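Hi,

Here is the model I promised to pass on. Have a look at it first, and then read my notes below.

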Amino acid sequence: MSEKAVATASPEDLPILYIRPSSMSLSAALGELWAHRELLAFFAWRDLKVRYKQTALGVAWALLQPLFMMIVFSVFFGNLAKVSSDGLPYPIFAYCGLLPWQLFAYALTNAANSLVSNERLVTKVYFSRVTLPISSVLAGLVDFAIAFALLLVLMAYYGCAPSGGIVALPFFLLLAVGAAMAAGLGLSALNVRYRDIRYALPFLTQVWLFVTPIAYPSSLVPEGWRTLYALNPMVSVVDGFRWALLGAPSPGATTVAASTLVAAAGLLASMRYFLRVERGFADVV
Amino acid sequence: MSFLAIRARGIGKRYSIGAAEPYRTFREALLRGFGAPLRALRREREDPPTVWALRDVSFDVEPGEIVGIIGRNGAGKSTLLKLLSRITAPTTGEIELRGRVGALLEVGTGFHPELTGRENIYLNGAILGMKGAEIRRKFDAIVAFSEIEKFLDTPIKHYSSGMFMRLAFAVAAHLEPEILIVDEVLAVGDAGFQKKCLAKMEDVSHEGRTVLFVTHNMPAVTRLCPRTILLEEGRVRLDGPSREVVGAYLESGLGTTASREWNDLRTAPGDDIVRLLAARVCDEEGRVAPTVHIARPVALEIEYEVLEDGHRLVPNLHVLDQKGSHAFISIEVDSPWHRRERPRGRYVSRAWVPGNLLAEGTFFVDAAISTYSPLRVHVWERGAVAFQVVDDLSGETARGDFGGTIPGAVRPLLKWETEFMPADPAAVPARAIRGRG
């Protein structure tokens, strides 16, 4: 897509587009996504802007949500149930796990609902459809950045120093985003066909929260179950965050490898499914 | 060597119908997936019934061509647009598009009520396929066109619908694709706004872009598009010069035609005194004419049976434009039967509308027969017949060389007199006068 393609350009220079019954190849879809990268940013910006305009507390929500969750977890799991926290102060232990979790849950939920809630757009304009679920993930990253600032404050308060693993933090962040997209892309496409997804989502995220070591350390999971446990990419993400930022035990290479593999395979499968059904969205939504 | 802008070959689109609920549920999907043996027992879960919204549609469009697409509701126009704009995929066939495609299927798609006018310009521009830099470059032009400068930083939920439409169209109008696909966008908004849209469409057509224009506005089609494609039941019924295609469409598709007959005297429009038998629009040769050229006369003809002697019947014809406003009413006065009592029998009354009177467009004719003192309306058949007046750009008609929209229900070719007084050679040249100011 040439920017200066105007009507006066000679016809042989113009890009040719073929519209066929078959669905788009993965590489073509990625190329198109790249061409629509500005739209991606616009969608993320719109979601944030609208959310902040419509809510009384606005940006504060990005902080309040993990903060209150941290307080609730600290009271019930930390104080009353006396759940172990790998020797770390329970509040920061919980917050450090909630941080990537909130990103993941937000991205997953919004991505899964993105096509349905933008129904009018989908039926009236063509644009790279994957921009909708992906932009939801981007919007989640902004909240993440805000909540991350609070973590730094908490770290200073509790006197926690990051380990050398801090260099791996971007990787774990990427893994969280990848896992959210793997689930979100596929679910968004499924949601167009089966509205059950919308109702299953809160249940899904709740279950996922419990199989992720947020309120408890993964060391509580029996040795024999660890491999199965590691198939949840968020296990590596949360453990990775605690390791990198708080100096907790490292999640271990096998766990991280398994999680990465699952996330990558999930993303690929999700994307393929999305592309296969994408062309029929406007007929069904 | 010639390059086509659009090349469509055998495109078809099949939709599933019958499924009352458009969304399937997991339960059904699971049953379908795991319950194959069960399905034989359940027997109802067969392939859902399908319908072809488009079937084997092929056409070529040259770069710079402006093609109208018409057809009744459900003929496949919207589906064709959705396929061309990639909103949905064809079931069969292939479309080749050369150049950037801009589709305007609805004005204001993607506008968000919470965002300001300024923010929506950027968002909507991006959704329509403009780059950020491109929007920034055209921003001032868009704002000027929309005339909403003062409210640029107001959330558009506070806009009036007119402001909203203007802003939405302004963004869309500044998308500069090589191929522009426009749906019934012009059907919304007030008359002034529609005029602005049509004028912009004409600009676009003069810039050498390829335009596909779907509408019910027949005058706009005949004027803007040299060529028109008529869709019927998902297939291309006609593809050719707009005047012919529109004429054929009006004859076949509107339910109101250039000729109508009532064969049963008992149910024909009218009462015990007179009943209408037929109404026709004819050309000079007496042929039924759904389409007439603006410069040619046209006969509006009614045939009626007088059932009772001794009434002074007054046939009258009401000619209405597309919006339903009267262009004129014509009453039979210039006729030997004027003010005379009519014996029983069959009559044909013909009113000649001279050439160069009506403007281009679709006109509907109400056929009426009344008696005076006391006033009684015996027959009043609304929209008995319809016809299409077409203009051209030959320069010979009242439109002259002007290609734009001309408002008004009439378009007479008036006699103009212009007097000329030669300039005094000794006088100061006009250029010098202007130079001083």
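Predicted model: local features only at pLDDT ≥ 70, side-chain atom pairs only at ≥ 80, totals over all residues.

First, the housekeeping. Residues are numbered from 1 along each chain as its sequence is written, and chains are lettered from A and ligands numbered from 1 in the order in which they are written.

**Where the chains meet**

The contact draws 39 residues from chain A and 49 residues from chain B; two residues are in contact if their C-beta atoms, placed from the backbone, lie within 7 Å. On the chain B side, at least two residues each come from helix 1 (26-34), helix 3 (77-84), strand 4 (92-98), strand 5 (101-104), helix 4 (117-128) and helix 5 (132-146). Helices (H or I, at least four residues) and strands (E, at least two) are DSSP runs, numbered from the N terminus. Strand 4 of chain B gives the most to that side, with six residues. By type, the side of chain B that touches chain A has 22 nonpolar, twelve polar and 15 charged residues. Here Ala, Val, Leu, Ile, Met, Phe, Trp, Tyr, Cys and Pro count as nonpolar, Asp, Glu, Lys and Arg as charged, and the others, Gly among them, as polar.

Strand 4 of chain B also pairs with strand 1 (residues 16-19) of chain A, in the antiparallel sense and over four bridges; two strands pair if DSSP finds at least two bridges between them. Within strand 4 of chain B, Ile95(B) is the residue opposite Ile19(A).

**Helix 2 of chain A**

The buried residues in helix 2 of chain A are Leu39(A), Leu40(A), Phe42(A), Phe43(A), Ala44(A), Arg46(A) and Asp47(A). A residue is buried if 20 or more other C-beta atoms lie within 10 Å of its own, exposed if 12 or fewer, and partly exposed in between, with C-beta atoms placed from the backbone. The buried residues of helix 2 of chain A pack against helix 6 (131-158) of chain A together with helix 4 of chain B.

Leaving aside neighbours within four places in sequence, the contacts of Val365(B) include Ala279(B), Leu300(B) and Val385(B).

Tyr95(A) sits in helix 4 of chain A. Why does Tyr95(A) count as buried? Because 26 other C-beta atoms lie within 10 Å of Tyr95(A). Beyond its neighbours within four places in sequence, Tyr95(A) is in contact with Pro66(A), Met70(A), Leu151(A) and Leu154(A).

**Chain B and its sheet**

Chain B has ten helices and 18 strands, and 40% of its 437 residues count as buried. Four of its strands form an open antiparallel sheet in the order 10-11-13-16. Strand 10 (259-261) and strand 16 (345-353) are the edges, each pairing on one side only. Strand 11 (residues 274-282) and strand 13 (residues 298-306) of chain B pair over eight bridges, and Leu276(B) has Tyr304(B) in strand 13 as its bridge partner.

Most residues other than glycine have a negative phi, and most peptide bonds are trans. Ser373(B) and Pro374(B) are joined by a cis peptide bond, with omega about -5 degrees. Ser373(B) also has a positive phi of about 35 degrees, lies in the loop between strand 17 and strand 18 of chain B, and is exposed, with 6 other C-beta atoms within 10 Å. Asp56(B), in strand 2 (residues 50-61) of chain B, has a positive phi of about 50 degrees and is partly exposed, with 14 other C-beta atoms within 10 Å.

Cheers
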